[in-house]
Amino acid sequence: MRTESTRPSHHQPDRFDAVIVGGSYAGLSAALQLARARRRILVIDGGQRRNRYAAASHGFLGQDGRAPGAIVAEAREQLLAYPTVHWRDGTAASASRRADGFAIGTDDGGTIAAARLVLATGVVDELPAVEGLAERWGHSVFHCPYCHGYELEEGRIGVLASSELSMHHALMLPHWGRVTLFLNDAFVPDEQQYAELAARGVAIETGRVRRLAGHATVVLDDGRQCEMDGLFTVTRTRVSSPLARQLGCAFEEGPLGAYIRTDATQETSVQGVFACGDAARATGNVALAVGDGAMAGVGAHRSMLFGQAIGDTAPVR
């Protein structure tokens with residue numbers, strides 16, 4: 001596969017039509033639309049996919065059950081077959097407006113110019129502080145029932161509470177198996193919530209969780225061990241790159257954390273900056289990220305054709 005570093009320097013444009021920050025599902029999808037519009041583009045990717053811990057990706061049409069890394073690798077190979085595409089392994093450290101577009105500072109001290117900027121940086125999951133959880137994240141501890149619930153074969157499913165939002169998991173997951181809610185001192189259900197849990201057949205453990213062991217065994221403070229086939233927990237998320245805030249993009253506060261506000265074309269509150277994937281959604285998965293990425297790529301291209309020049313007054317969103 002061709003990357004920017006392997007191309008002769010005289011083939012490297014000093015200015016791109018668009019720079020896409022993030023080369024996972026959303027970024028690759030955005031880049032593909034721009035490549036097919038014969039735009040000169042650069043993808044900057046640090047190689048930190050959110051689902052890198054999972055062995056298989058589920059719920060993505062045509063790719064169900066395939067290894068996430070294999071999906072990305074094939075998509076990257078297909079993208080790099082387009083002659084106007086450049087790729088850079090690394091991170092974008094900074095971004096700023098300039099008269100004719102944007103300046104992107106790279107982790108090696110360089111600067112790249114672009115007419116449009118697509119932020120597909122993803123998010124970081126902030127996991128509950130339970131011993132043994134991080135090692136099992138993506139293997140036997142999950143956050144999305146639609147992505148991982150079916151594979152638990154209607155078995156024993158634990159919900160490790162991290163806040164009152166864990167009620168959502170506890171009430172959903174009986175469709176996928178026999179559910180136990182481990183409150184872990186995260187919140188105390190009220191009378192109505194107890195009634196809702198009982199109606200769904202959810203068992204409740206009120207004790208504090210000491211640690212996770214084995215495949216997905218919950219060890220309580222009183223020494224009891226509850227063997228589960230899988231666990232779900234609600235994480236807090238944060239956008240993994242500072243670029244959107246550096247540029248002054250507006251954010252929305254979602255139930256799991258702040259995300260970048262976008263319009264129907266995936267353009268942010270800053271003219272010429274588009275965002276897609278989990279960084280621009282309250283919640284997300286691979287299929288949604290790919291769809292948002294396609295819209296961001298099309299939106300960025302159409303803005304070059306029909307939009308205002310960078311530097312004009314942008315509409316208030």
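Predicted model: local features only at pLDDT ≥ 70, side-chain atom pairs only at ≥ 80, totals over all residues.
Thr121 is buried, with a relative accessible area of 18%. Why does Thr121 count as buried? Because its 18% falls under the cut-off of 20% relative accessible area. What does Thr121 touch, once residues up to four places away in sequence are set aside? Its contacts are Val21, Val239, Ser240, Ser241 and Ala279.

Next, Leu160. This residue belongs to strand β9, which covers residues 156–160. Leu160 is buried as well, at a relative accessible area of 3%. Leaving out neighbours within four places in sequence, Leu160 is in contact with Val130, Leu133, Ser166, Phe182, Asn184, Val209, Phe232, Thr233 and Val234. Leu183 is 23 residues from Leu160 along the chain, and their C-alpha atoms are separated by 6.7 Å.

Most residues other than glycine have a negative phi. Asn184 is not a glycine, yet has a positive phi of about 50°. Where does Asn184 lie? In the loop between β10, residues 178–182, and α6. Its relative accessibility is 10%, so Asn184 counts as buried.

Gln266 is also a non-glycine residue with a positive phi, here about 70°. Its place is in the loop between β18 and β19, the latter being residues 273–275. Is Gln266 buried or exposed? Buried, with a relative accessible area of 8%.

For an exposed residue, take Glu191. It lies in helix α6, residues 191–199. Glu191 counts as exposed because its relative accessibility is 72%, against a cut-off of over 50%. Glu191 and Arg281 are 90 residues apart in sequence, and from C-alpha to C-alpha they are 32 Å apart in space.

Now the helix packing. Two packed helices are described by the angle between their axes and the distance between the axes. For α1, residues 25–36, and α8, residues 286–306, the angle is about 35° and the axes are 7 Å apart. The crossing of α1 and α8 is right-handed. On the α1 side, the contact is made by Tyr25, Ala26, Ser29, Ala30, Gln33 and Leu34. The α8 side contributes Val286, Ala289, Val290, Gly293, Ala294, Ala296, Gly297, Val298, Ala300, His301 and Met304. Which classes do the residues of this contact fall into? There are 12 nonpolar and five polar residues, and no charged ones.

Last, the second largest pocket. The space in it comes to about 510 Å³. Its lining consists of 26 residues. Which of them lie nearest the centre of the pocket? They are His143, His168, His169, Leu256 and Thr283. By class, the lining has 13 nonpolar residues, 10 polar and three charged. As for elements, α4 at 145–148, α5 at 166–172 and β18 at 258–260 each supply at least two lining residues. The largest share comes from α5, with three residues.

To recap the burial values: Thr121 is at 18%, Leu160 at 3%, Asn184 at 10% and Gln266 at 8%, while Glu191 is exposed at 72%. That is what I have for today.

Notes. Residues numbered from 1 in each chain as written. Heavy atoms only, no water. 1 Å grid on protein atoms, 1.4 Å probe; cavity = no way out; pocket = protein on both sides within 12 Å on 5 of 7 lines; lining within 4 Å. Points joined across faces, edges and corners; volume = space filled by probe spheres on them. Helix = DSSP H or I, 4+ residues; strand = E, 2+ residues; numbered from the N terminus. Nonpolar A, V, L, I, M, F, W, Y, C, P; charged D, E, K, R; others polar. Axes fitted to C-alpha atoms, helices over the stretch in contact; angles between N-to-C directions. Left-handed = near helix turned anticlockwise from the far one by under 90°. Contact = heavy atoms within 4.5 Å. Buried < 20%, exposed > 50% of the residue type's maximum accessible area, 1.4 Å probe, protein only.
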